[in-house]
Amino acid sequence: MLAYVVRRVLYAIPILIGVNLITFALFFVVNSPDDMARMQLGVKRVTPEAIQKWKAERGYDKPLAWNAEAAGLAKVTDTIFFAKSVRMFAFDFGRADDGRDISREIRTRMVPSLAVAVPVFILGLYVSISFALLLVFFRATYLDVGGVVLCVAMMSISSLFYIIGGQWLVSKVWHLVPISGYAGGLDAVKFLVLPVLINVIAGIGSSARLYRTLFLEEVNRDYVRTAMAKGLPELTMLFRHVLRNALIPILTGVVVVIPLLFMGSLITESFFGIPGLGSYTIDAINAQDFAVVRAMVFIGSCLYILGLLLTDLSYTLVDPRVRLE
Amino acid sequence: MSLLKVRDLSVAIGPVRPVQQVSFDIDEGETFALLGESGCGKSMTALALMRLLPAGGRLTGGTVVFDGTSLRELPETGMRRVRGGRMAMIFQEPGTSLNPVMTVGAQIGESLALHHGMTGVAARERAETLLAAVGIPDPARRVDEFPFQLSGGMKQRAMIAMALAGEPELLIADEPTTALDVTIQAQVLDLLAELKAARRMATLLISHDLGVVARMADRVGIMYAGQLVETAPRADFYARPAHPYARRLFAALPDVRLRGTALATIPGSVPSLDRPLCGCRFAPRCAEAREICRREVPDWTFLAQGHAVRCHFPATGARSSGVPAPAGESVAAEAPAPLLEVEELRVHFPIRRGLFRRTVGHVRAVDGVSLRLVRGRTLALVGESGCGKTTAGKAVLRLLPATSSFLRLDGQEIGDLPESRLRPFRARMQMVFQDPFGSLNPRLRVGETIAEGLRALKGRGAEARVGELLEAVGLPGAMAQRYPHEFSGGQRQRIAIARALAVEPELLVCDEPTSALDVSVQAQILNLLRDLQKRLGLAYLFITHNIAVVDFLAQEVAVMYLGRIVERGSVDEVLRNPRHPYTQALLAAVPAIEPSEVAPVRLAGDLPSPAAPPAGCHFHPRCPRAVDTCRASYPGETAFSASHTVRCHFPG
């Protein structure tokens, strides 16, 4: 077990290095520092001196990967690659173009992102699983068919519609909560209710439909027949036998996104004006702030790798066949 | 007084009517067997009794009276008390019929809580007692284990323990041993017989196996196409089956006495049950059918005490138990050059553990097997699941890399040829697989499947040959345009054989080609294989666990146990005069149709893991004759004749 975990962590190292190299290539080779400077400064007033000044201010005036002029170890360390990319391994992201410390920014913006994403995740899972179990309880009836139709309809509607429609109805017509914005402390609740609610509803369609399929697959298994032959009531059969077995694919499917909850949601956060990491990324893209975007791309990859690792571990937790073999 | 009275039971699933007007009684302490081939409605009858029909299924008529209570009128809450309490059921596949994420104890505990209100320590102790009662060693440990930690036989025992938890008066056993090996099957059947005697529990046994029914049942009912066509006391039925379908089933059984003759087959197939049928359902396939059979549904005819048949012209007189064995097909008179020679075949799979996946041991799936096979002959490789016979078959064809071997086809060494130079030899040896449903690509027309090998290895005139090949295996050539799902199991196996024959092989490795098929279909495939051998001079390496098939088809036998051949010789030598205790037990475990008085040798325990085979003779932990010598060293070969050799310290 421990050997397995250690091996999985070791596997992650080459993947992270690969991610780092590819990110570097995307941001500095495909798109050279000169291009960045030109885009930042605007095309009109650009002079070679201005570009040089812009690069020097941000440390982009060094050679990419090999500094032939430096001495000794600095041949490697005094380069863009080392200063910008290798440092990311220590989660040292440097400063954004506006001069703020990216790492600090990430730490403060993480909280609002999580405040939206975690309730959406837990509530969404709970609602979808309950709804799917309900459909399975009424399997092969019109209620089941109607439920599936509803799911397909709900997943066919764009999530933008849910957001705009929800904001219009709940905030504009009913005046229940503010349309957008954020406040610290307990005041945050009234800003969070609407985005959480809308995200949960928008997610029900596709996940409940998937979970229903998984439950149905389990319901038709032999061991369920055995359980019924013991004289178990149907609900006990569903909760004790079917749910526990179907949770294996469900949990392992959702565990992968848990670390990514930190990243927040690009769309939700920008529509509701929540100062989280999602809106931070969107703003950075709009402002052509590559230092921020690079940091977010790298963090996203790390969290995804972490998610995959957690997925494999979660198998060993929920499935005795994997745990004990 | 009858414990269970079933009258005119009918079931519908959508337009299909899998059970129609089935009536039977079961007395206290009696075993009634429902016998029939797949799709005859026997399992559906059992599920209907428990009111556990699959979604969309419903009872459309008839009554079920259990100990004076009509089960059809019982509300669901009342039915739940009967289900698992007074009437319990065990199923065919112990591997999938237990919940994989619940411990055995918890699953037994559910029944105890439901029907006896037992929980906690009391339930745990009772579960242990039940596990001990069904012969599971070390129940205190097993009660906390998960199903996957138990062997197949133990899982089935655990399921029986679950069924016993409610102290049922009626046990419904749906093919309880079909998924098990013969030696394990014998153990489980013994257990069921003991329990029946000890608890005076009535049993409804559902089986397709004439041997199992002969061993277990007091009375027998034969089902065909959703109807019961004959009921009789066991002895009466086995001596004088009256329905032509029953007689045909007996005649389709492979047997040594039928060597050299063709097995009787039943032409056509079971009618589909989604439309009304007129006349006798068996009439289209019955050789004795007359005008009236096609017009009128036969009523029950009573022949003797308790023996009734639904046929216009029931057969009378004893069942012919085959002609005496022919003088034998002059076995091994000459010694022609062998087509296939295998020496010291080993296939070891590494077991990797730890941080760096170091190899810490090997699963010795095949551990030093030598075979010789002559053109036009059949060598049967016999053994239970996990003994390595399939691995050996694949390694012979080099479909699996062997760890070490000398492999000669027609005198040429092919064991170490690189894949590119092996290609010409691929055409000379082919394989037919066990599962005809999984071994054909569902997206390819059968013609394309057959032509594929031709194009790859012969590269010419593929399409023209396809029709020819299909006809050679008894299918119309025009069927090449169809997809596999349009065929029945037997037809698919014919297609698989046609595919293998396409490249004109000399050697055919048949891996359990009939074990997924019904008896009457098995007979057709065996006949076909024998005809092809006569016509084309093929050599068969026939991998099987079915002794009767070996007896019917093969000339030589090799018995495998845990990766090694423990006994080999001609069919007569090995099957008539077995010397190795394992062979003896294996033969004794096959349930025979003809009753015998000799108390059979029974093997205790399960096949050990090939990763850690027992020291000395691998068989000693299960061997009734084992002494210290057996624990110390693996026995060498003892020869009883030029062909008959045994690896045992004390061959008897």
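**Interface, helices and contacts**

Author: α17(B) is largely enclosed by the rest of the structure, because 13 of its 18 residues are buried (under 20% relative accessible area; exposed is over 50% and partly exposed lies in between, with a 1.4 Å probe and protein chains only). This is a predicted model, in which local features need pLDDT of at least 70, side-chain atom pairs count only at pLDDT 80 or more, and totals for chains, interfaces and linings use all residues. Residues are numbered from 1 along each chain as its sequence is written, chains are lettered from A and ligands numbered from 1 in the order in which they are written, and side-chain values use heavy atoms, leaving out hydrogens and water.

Reader: How far apart are the end C-alpha atoms of helix α17 of chain B?
Author: Helices are DSSP runs of H or I with at least four residues, strands are runs of E with at least two, and both are numbered from the N terminus. The expected span is 1.5 Å times one less than the number of residues, so the 18 residues of α17(B), 519–536, should span 26 Å. The end C-alpha atoms agree with this, at 25 Å.

Reader: Which residue follows α17(B), with a positive phi?
Author: The phi of this residue is near 65 degrees. The residue is B:Gly537.

Reader: Which elements do the buried residues of α16(B) pack against?
Author: Helix α16(B), residues 489–501, reaches 18 Å from its first C-alpha to its last, close to the 18 Å expected. Since 11 of its 13 residues are buried, α16(B) is largely enclosed by the rest of the structure; among the buried ones are B:Arg492, B:Gln493 and B:Arg494. The buried residues pack against β18, α14, α15, β19 and α17 of chain B.

Reader: How much area is buried between chain A and chain B?
Author: Buried area is the accessible area (1.4 Å probe) that two parts lose on being put together, summed over both. The contact (heavy atoms within 4.5 Å) takes 25 residues from chain A and 29 residues from chain B. A:Arg225, A:Ala229 and A:Lys230 supply 24% of the area that chain A buries against chain B, more than any other three residues. Carbon and sulfur atoms give 64% of the total, which is about 2500 Å².

Reader: Which residue meets A:Lys230 in a salt bridge?
Author: A salt bridge is a side-chain nitrogen of Lys or Arg within 4 Å of a carboxyl oxygen of Asp or Glu. The rule finds two across the interface of chain A and chain B. In one of them, the N to O distance is 2.6 Å and the partner of A:Lys230 is B:Glu110.

Reader: Is A:Arg212 buried or exposed?
Author: A:Arg212 is in helix α9 of chain A, residues 188–219. Beyond its neighbours within four places in sequence, A:Arg212 is in contact with residues including A:Asp144 and A:Val148. Its relative accessible area is 16%, so A:Arg212 is buried.

Reader: What separates the C-alpha atoms of A:Leu160 and A:Ile267?
Author: A:Leu160 lies in helix α8 of chain A and counts as partly exposed, at 36% relative accessibility. Leaving aside neighbours within four places in sequence, A:Leu160 is in contact with A:Ile267 and A:Phe271. A:Leu160 and A:Ile267 are 107 residues apart along the chain, and their C-alpha atoms are separated by 8.3 Å.
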